[in-house]
Amino acid sequence: LCVCKNTVKKTCLFSSGTLTIIENLKAKFLESGMFPAIPTQPAIIKREIFDDPEMRCIENAVGQDTLLGWELLCRAKKGGFTSDAFLIYYAGRTNSVTNAITSGYFNKALIREKAQVAMLKKYALLDVYKTYKFELFMSNWYFSKYRTITDPIERQKSFDILNEIADVYNLPLPAKYAQYN
């Protein structure tokens with residue numbers, strides 16, 4: 001389905017669910033503190049949005065697609081969402097960069113985090129992210145991955161990068177993570 005100028009047109013049908021139109025996506029998903037992963041791969045997006053050279057995935061980073069999705073939420077006037085899952089792409093691949101965890105993964109995350117802070121500042125969302133998502137993401141994503149690293153040298157390198165990520169937000173790494181160093 002395609003949403004154009006307040007009309008809904010059937011362009012193709014992959015969902016048996018309903019289409020929910022949401023206006024003010026930034027308020028609904030970001031200013032509220034949710035910051036969900038918005039899959040852009042199955043999305044129908046006006047080409048004109050990508051005429052802006054700033055509207056690109058961050059190269060050599062992990063999570064760049066999520067950041068692109070957040071940028072789209074900030075720029076779009078409205079969006080249509082179904083309840084169906086269209087994309088589950090890394091979970092089943094053990095060699096995926098998202099599953100093969102070394103300090104290299106955290107270096108790629110740091111690249112994205114720097115771009116993410118710039119984007120959050122641009123849309124006046126940095127404080128919201130720091131309040132609602134930073135520690136949750138650090139705990140549930142980064143440290144759950146960090147705990148899988150067994151090599152002591154890789155663990156130290158990764159821990160140092162996690163400290164750098166916290167520094168990007170002008171935040172200390174939460175004290176509860178000191179035990180991992």
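Helices (H or I, at least four residues) and strands (E, at least two) are DSSP runs, numbered from the N terminus. With that in hand, welcome to the structure. Ala37, for instance, lies in the loop between α1 and α2. This is a predicted model, in which local features need pLDDT of at least 70 and side-chain atom pairs count only at pLDDT 80 or more, while totals for chains, interfaces and linings use all residues. Residues are numbered from 1 along each chain as its sequence is written, and side-chain values use heavy atoms, with hydrogens and water left out.

## The overall plan

The protein has six helices and four strands. Read from the N terminus, its elements follow the order β-β-β-α-α-β-α-α-α-α. "Buried" means under 20% relative accessible area, "exposed" over 50%, and "partly exposed" in between (1.4 Å probe, protein chains only). Of the 181 residues, 35% count as buried. Accessible areas come from the Shrake-Rupley method with a 1.4 Å probe, and for residues only the protein chains shown count as cover. The protein exposes about 10,800 Å², and carbon and sulfur atoms supply 54% of that area.

A contact means heavy atoms within 4.5 Å. Among the contacts with a separation of 6 or more, 72% come from residues 24 or more positions apart.

## The nonpolar core

In soluble globular proteins, nonpolar side chains tend to be buried together. A nonpolar core is a set of buried Ala, Val, Leu, Ile, Met, Phe, Trp, Tyr and Cys residues joined through side-chain atoms within 4.5 Å. The largest one here has 39 residues, and Phe106, Met138, Phe143 and Ile165 touch the most other members. At least two residues of this core come from each of α1 (25-31), α2 (64-75), α3 (103-122), α4 (126-132), α5 (134-146) and α6 (152-168). The biggest contribution is that of α3, with seven residues.

Leaving aside neighbours within four places in sequence, Phe143 is in contact with Met138, Phe159, Leu162, Leu173, Tyr177 and Tyr180.

Two packed helices are described by the angle between their axes and the distance between the axes. Axes are lines fitted to C-alpha atoms, for helices over the stretch in contact, and angles run from 0 to 180 degrees between N-to-C directions.

| Helix pair | Angle | Axis distance |
|---|---|---|
| α3 and α6 | about 5° | 9 Å |
| α2 and α3 | about 10° | 10 Å |

Angles under 35 degrees count as roughly parallel, over 145 as roughly antiparallel, 65 to 115 as roughly perpendicular and the rest as oblique. So α2 is roughly parallel to α3, and α3 and α6 are likewise roughly parallel to each other.

For sorting the residues at these contacts, Ala, Val, Leu, Ile, Met, Phe, Trp, Tyr, Cys and Pro count as nonpolar, Asp, Glu, Lys and Arg as charged, and the others, Gly among them, as polar. Where α3 meets α6, the α3 side includes Phe106, Leu110 and Val117, and the α6 side includes Ile161, Leu162 and Ile165. The residues of the contact of α3 with α6 divide into eight nonpolar, four polar and five charged. Where α2 meets α3, Gln64, Leu67, Trp70, Glu71, Cys74 and Arg75 in α2 face Arg112, Ala115, Gln116, Met119 and Lys122 in α3. The contact of α2 with α3 has five nonpolar, two polar and four charged residues.

Not counting residues up to four places away in sequence, Arg112 touches Ala61, Val62, Gly63, Gln64, Leu67, Phe137 and Tyr142.

## Places in the loops and on the outside

Asn24 sits in the loop between β3 (20-23) and α1. Its phi is near 50°, a positive value in a residue other than glycine, and Asn24 is partly exposed, with a relative accessible area of 46%. Ala124 also has a positive phi, of about 55°, although it is not a glycine. Ala124 belongs to the loop between α3 and α4 and is exposed, at 64% relative accessible area.

Back to Ala37, which is exposed with a relative accessible area of 58%. Ala37 and Gly69 are 32 residues apart in sequence and 7.0 Å apart in space, C-alpha to C-alpha. Asp167, in helix α6, is exposed as well, with a relative accessible area of 53%.
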